[in-house]
Amino acid sequence: MRGFSPWLAATAPHIQIWIGALCTIGLYSLLYRENKLYRFFEHVYLGLATGFLVANTWTDIIRPKWYQPMVDKGMWWYMFELMIGFYYYFIFSRRHNWMARLIIGFFLGVASGQAFQQFANDQWPQISATFKPLLPHAAAGTVKAVTPGDAINNIIFVVMVVCVLSYFFFSFEHRNPAIKVSSRLGRWMMMFAFGAIFGSTVMARLALLIDRMYYLVFSWGGELGAETHLGANGKYLACGVIVALVLLMIVLSRRYPDDFSAPPGDSGAGGGGTS
């Protein structure tokens with residue numbers, strides 16, 4: 001790039017910061033309302049992701065695992081893999097689409113087998129891990145020692161497992177007091193687990209938000225400070241610009257509601273229909 005255009009090579013980092021800031025602001029405009037600005041940057045992001053996926057497929061999969069072994073190492077029989085891959089395109093032929101179904105069915109079977117293997121590798125160890133010793137004992141050979149604290153934890157764990165499983169006993173009505181109490185406790189325990197999962201999801205979203213806000217305030221703010229001769233005070237200018245853009249978005253969405261309307265297909269409250 002330096003040989004092609006010295007000016008572009010010198011200003012490329014500044015251009016990247018500005019593009020990143022504009023894309024961040026455009027995407028986060030969704031937090032207020034669905035709008036055309038967000039849709040534009042959404043389509044840009046999807047286009048870039050698709051292009052990256054195509055390039056990554058060639059650089060990480062096709063070239064090192066198929067093209068180079070066939071051309072550089074003389075594995076000429078790899079060319080048959082390309083012929084098998086062309087079978088997928090017979091789906092566009094009304095007369096020969098049965099050939100595409102053959103290869104699609106084959107790889108669906110392979111994927112199903114791999115999914116079952118992954119399920120067994122992930123779930124079966126969890127099932128065996130639920131069988132825990134409930135009484136403390138000393139170590140004996142390959143058996144680990146169980147302290148009184150470990151025994152108490154194991155008892156609590158087993159009680160929780162039994163309560164959660166009792167909630168899913170649908171073969172009979174829960175009239176027995178023991179079943180009613182255990183199923184109710186199981187429901188509460190699942191709610192705690194779901195809350196923890198939801199909390200971790202929110203924390204992940206907040207981590208992304210903090211990273212983007214840090215980028216806008218310090219990276220983009222540093223760029224604004226350099227251009228406006230504010231120096232380190234550029235971060236305050238960036239915060240002011242963000243607040244001003246939020247207020248401008250609110251004003252424009254109220255003054256021009258058609259340009260900030262919901263995407264097509266949303267009928268709004270009431271489900272649509274004429275009265």
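1. Axes are lines fitted to C-alpha atoms, for helices over the stretch in contact, and angles run from 0 to 180 degrees between N-to-C directions. Helices (H or I, at least four residues) are DSSP runs, numbered from the N terminus.

2. The model is predicted: local features need pLDDT of at least 70, side-chain atom pairs count only at pLDDT 80 or more, and totals for chains, interfaces and linings use all residues. Residues are numbered from 1 along each chain as its sequence is written, and side-chain values use heavy atoms, with hydrogens and water left out.

3. Helix α1 (residues 6–28) packs against helix α6 (residues 177–227) with the axes 10 Å apart and an angle of about 135 degrees. The pair is therefore oblique (angles under 35 degrees count as roughly parallel, over 145 as roughly antiparallel, 65 to 115 as roughly perpendicular and the rest as oblique). The crossing of α1 past α6 is left-handed, the near helix being turned anticlockwise from the far one by less than a right angle.

4. On the α1 side, residues in contact (heavy atoms within 4.5 Å) with α6 include His-14, Trp-18 and Tyr-28; on the α6 side, they include Arg-212, Trp-220 and Glu-227. By class, this contact of α1 with α6 has eleven nonpolar, five polar and three charged residues (Ala, Val, Leu, Ile, Met, Phe, Trp, Tyr, Cys and Pro count as nonpolar, Asp, Glu, Lys and Arg as charged, and the others, Gly among them, as polar).

5. Helix α1 also meets helix α2 (residues 36–71), where the axes come within 7 Å and cross at roughly 125 degrees. This makes α1 oblique to α2.

Note on methods:
Helix = DSSP H or I, 4+ residues; strand = E, 2+ residues; numbered from the N terminus.
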